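Reader: I'm new to reading protein structures, and I'd like to zoom in on just one part. Could you take me through a helix and the strands around it, step by step?

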Amino acid sequence: MTYGLIAPHGGALVCNWADEAEQAGLRDLAQRLPQVIVGSRQLADLELLANGAYSPLRGFMTRDDYLRVVDEMHLSNGLPWSIPITLAVTSEQAVTIDEGQQVALVDGNGNLQAVLTVEEKYTYDKYREARQVYRTEDEAHPGVQVIYQQGDILLGGPVRVVILQPQIFGEYRYTPTQSRALFNERGWKRVVGFQTRNPVHRAHEYIQKCAMETVDGLYLHPLIGDTKGDDIPSDVRMRCYEVLLENYYPANRVVLGVLPAAMRYAGPREAIFHAIMRKNYGCSHFIVGRDHAGVGNYYGTYDAQYIFSEFDAAALGITPMFFDHTFFCRICDSMASQKTCSHSSENHIMLSGTKVRQMLRDGELPPREFSRPEVARVLIDAMR
């Protein structure tokens, strides 16, 4: 426990961020090192490695950790972990890099981001990773597509991060150290985290407030890294959260922050991954709803809830809070779920994403029972 909050995953925050003196030395060293260009997903990984959100990782996974995570959803030390954090290079580039060597990780403009000490370079089975992590080999799956398109050799080893990408949403970009301090200032011990990559609608609001009845505070923690091209842009989503919190939530019981991670769309495994990160940010509880981190028809509706039973609860640490499909029931005259409402579906106000998008394009507000009008207006303006 720190500040009376849940302990980070593995017992302590592992922040791989170089201090000012170390940065100067790394910049000088990097001029003499081979360079590896990293894309947006790895840039996001570097930020999360730097700020401690990926604790206890010290860098990109070596072979033992990688294989254990892919096959068993645990690190080589036995700690639960469900998503590989890797750095891939081409076979041609790998030939020029030796184990034990350091390499400079740079962005597309050649700017130094971090220095990696290569403990191992190793081959891997892309199809096995796809099957195990994403439950499919279908290249139409956005996460599988990333695996197939990346290099054939993985570099594993610790990193020291020198610089982060431009900090959009800087006022909401709390590190785990900062969020924990903020929760402590408010006297919170039991904190529930909520993951979202979509604008908050009434069903989200309902389950958040149900959860808030049992804890000290809510950490509304939308993901702002890479998402699918048809997802709502992060700046629009953030404005939706802002107007919702301004009008419908007690200010002293909610913190809005951002998670600078990329979506993997790994469904059940990503639910575990998201929970572990929120544990590092100081959350003791984590909301898991319907089709968490899902895409298409690759996962069952509640697979992301069932997977938690495959882990030792004490080793995972954070407590999941499971919610069923929620909606407004005309007969109940309130928000409800399959667990609490006995009325038939024709009495439930449930709209498809396609229907809602068409209404917004037409400048039409969805029913109040589905979306707060203030949120809908933000989306209508964005559509236009």
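Author: Start with helix H8, which lies across E8, strand E9 (217-222), E10, E11 and E12. The helix runs at about 165 degrees to E8. Keep in mind that you're looking at a predicted model.

Now for the strands under discussion. They make an open sheet of five, in the order E10-E9-E8-E11-E12, and the pairing is parallel. Strand E10 (254-256) and E12 sit at the edges, each pairing on one side only. Going from one strand to the next, the twist averages 25 degrees. If you're wondering what pairing involves, strands of a sheet pair through backbone hydrogen bonds, either parallel or antiparallel.

Let's zoom in on E11 (residues 285-288). His 285 and Ile 287 point one way from this strand, while Phe 286 and Val 288 point the other way, and all are buried. On one hand, E11 is joined to strand E8 (residues 191-196) by two bridges, and these two strands run parallel. Look across from His 285 in E11 and you'll find Val 192; Phe 286 in E11, for its part, has Gly 193 standing opposite. On the other hand, four bridges join E11 to strand E12 (residues 319-322), again running parallel. Here Val 288 has Phe 322 in E12 as its bridge partner.

Strand E13 (residues 326-329) is joined to E14 by four bridges, the two running antiparallel.

Last stop, a pair of helices. Helix H9 (residues 234-248) packs with helix H14 (residues 373-383) at an angle of about 160 degrees, and their axes are 8 Å apart. Angles over 145 degrees count as roughly antiparallel, so that's how H9 and H14 lie to each other. Their crossing is right-handed. The residues of this contact divide into nine nonpolar, one polar and two charged. Among those that meet are Val 236, Arg 239 and Leu 244 in H9, with Glu 374, Val 378 and Ala 382 in H14.

How values were computed
Residues are numbered from 1 along each chain as its sequence is written. This is a predicted model: local features need pLDDT of at least 70, side-chain atom pairs count only at pLDDT 80 or more; totals for chains, interfaces and linings use all residues. Side-chain values use heavy atoms; hydrogens and water are left out. Two strands pair if DSSP finds at least two bridges between them. Axes are lines fitted to C-alpha atoms, for helices over the stretch in contact, and angles run from 0 to 180 degrees between N-to-C directions. Angles under 35 degrees count as roughly parallel, over 145 as roughly antiparallel, 65 to 115 as roughly perpendicular and the rest as oblique. A crossing is left-handed if the near helix is turned anticlockwise from the far one by less than a right angle, and right-handed if clockwise. Contact means heavy atoms within 4.5 Å. Ala, Val, Leu, Ile, Met, Phe, Trp, Tyr, Cys and Pro count as nonpolar, Asp, Glu, Lys and Arg as charged, and the others, Gly among them, as polar. Buried means under 20% relative accessible area, exposed over 50%, partly exposed in between (1.4 Å probe, protein chains only).
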